[in-house]
Amino acid sequence: IEWLHGVRAQDTEKPWFVYYSTGATHAPHHVAKEWADKYQGQFDDGWDAYRQKTLERQKSLGIVPEDTELTPRPEAYPAWDGLSDVEKRLYARQMEVFAGYSENADWNVGRLLDEIEQMGEMDDTLVIYIWGDNGASMEGTLTGSFNETTFFNGLVLDADEQIALIDKYGGIGELGGVHTAPHFAAAWAHANNTPFQWGKQMASHLGGTRDPMVISWPSRIAPDDTLRSQFTHCIDVVPTVLDVAGIPAPTVVDGIEQEPLDGVSFAHTFDDAAGEERHTVQYFEMYGSRAIYKDGWWACTKLDKLPWDFSPPTLARFGPGSDWNPDDDVWELYYLPDDFSQAHNLADENPEKVAELVELFWSEAERNNVLPMLGGFAAFFGIMPPMPTKTRYTY
């Protein structure tokens, strides 16, 4: 807000661009206690009930098709009804903190938009609001954490151990405060990705890749209630901004020839909710899990490991010298126009379509420098260049 007023103080006509990326809701989940307390008791019935209620709200709001099915909870996540009272108490508070953190971030976005309105510039401001940079994060492991550095150091604490430590710093009500660095249990992440499967670090399923986007441009776009369902990827945002601003994508910068942008503008959907889909092919890959989209079809495969498991034994299974062969992975197939949540795997019924899309994935992977395919962090496999040894510098 201060920066915007600074721009206007120096030049009343100069166009401006803001990329506003909040820390929320990435872990650690920090928020003032009063924000988390607003949600006290609202998650006591757990993640299974939360998924059901979320899908019902999505349907009533028209966000998802009426026939959308809720995908099953993976066996890796425990059922809420089977948890102890201590676990339920801890996990419910984790979600209260996350919800307060989320609302606080949204409230601050509102402060920014209100200020633009008061400056008299909202009508001519294009707002592209994307909530999230991937699916909700499952890195909190099965138990979540009162301090996520325990996870980074390979230490997974059960609920009783966490409660004992939390009690030393003011009790469960202080989760999210200055003496904690919390993350929620992975099952909450999965629930926050309703109705999809999986979450962050999984490029194979929509739970790891799909985020909501809202567009506002009062002087140019007439608001309506029709969702735009054309396939759109984050790489389409820059071409869209350039398109509406009338700025060609640069082919040369400082004498260096640029690679062409792969994304396409979706500005034509501003006025035409039924406009043609122009982004028809897109690959996805992360730590070996991968997918390919083409004309409504989605083929994908994931590794036989939990998304948050980067232990040395697991990494060894998928790195150079291991027995893992990406060509042996089993692919799934979904047709998104008829199956919004990826609830029905059609691979067995359509082997030729699977083969076609797998071949397309590998060609896109090669074109986009995805290869060699690795199942974990490259640094663990010794393929990173050696760190510099210079330790003395003269200025």
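Is Lys294 buried, exposed or partly exposed? At 27% relative accessibility, Lys294 counts as partly exposed; buried means under 20% relative accessible area, exposed over 50% and partly exposed in between, with a 1.4 Å probe and protein chains only. The views below show a predicted model, in which local features need pLDDT of at least 70 and side-chain atom pairs count only at pLDDT 80 or more, while totals for chains, interfaces and linings use all residues. Residues are numbered from 1 along each chain as its sequence is written, and side-chain values use heavy atoms, with hydrogens and water left out.

**View 1. A salt bridge joins Lys294 and Glu356.** The closest N and O atoms of the two side chains are 3.6 Å apart; a salt bridge is a side-chain nitrogen of Lys or Arg within 4 Å of a carboxyl oxygen of Asp or Glu. Lys294 belongs to strand 6 (residues 289–294) and Glu356 to helix 10 (residues 351–367), so that the pair links distant parts of the chain, 62 residues apart. Helices (H or I, at least four residues) and strands (E, at least two) are DSSP runs, numbered from the N terminus. Glu356 counts as partly exposed, at 32% relative accessibility.

View 2. Salt bridges that share partners join Lys33, Asp37, Arg93 and Glu96 into one network. The count for the structure comes to 17 salt bridges.

**View 3. Lys200 and Glu139 meet in a salt bridge.** The N to O distance is 3.4 Å. Lys200 lies in the loop between helix 7 and strand 2, and Glu139 in the loop between strand 1 (127–130) and helix 5 (149–152), so the pair ties together parts that are 61 residues apart in sequence. Both residues are buried.

**View 4. The rings of Phe43 and Trp188 pair edge-to-face.** Rings of Phe, Tyr and Trp (its six-membered ring) pair if their centres lie within 6.5 Å; planes under 30 degrees apart count as stacked, over 60 as edge-to-face and the rest as tilted. A search of the whole structure finds 19 aromatic pairs. In this one the centres are 5.9 Å apart and the planes stand at 80°. Phe43, in the loop between helix 2 (33–37) and helix 3 (46–61), and Trp188, in helix 7, are 145 residues apart, and both are buried. One aromatic cluster comprises Tyr39, Phe43, Trp47, Tyr50, Trp80, Tyr91 and Trp188.

**View 5. Phe231 and Tyr293 form a stacked pair.** The ring centres lie 3.9 Å apart, with the planes at 10°. Phe231 is in the loop between strand 2 and helix 8 (237–245), whereas Tyr293 is in strand 6, 62 residues apart. Phe231 counts as buried at 14% relative accessibility, and Tyr293 is buried with a relative accessible area of 4%.

**View 6. Thr194 is buried in the loop between helix 7 (186–192) and strand 2 (213–216).** Its relative accessibility is 5%. Not counting residues up to four places away in sequence, Thr194 touches Arg51, Thr54, Leu55, Gln58 and Leu70, where contact means heavy atoms within 4.5 Å.
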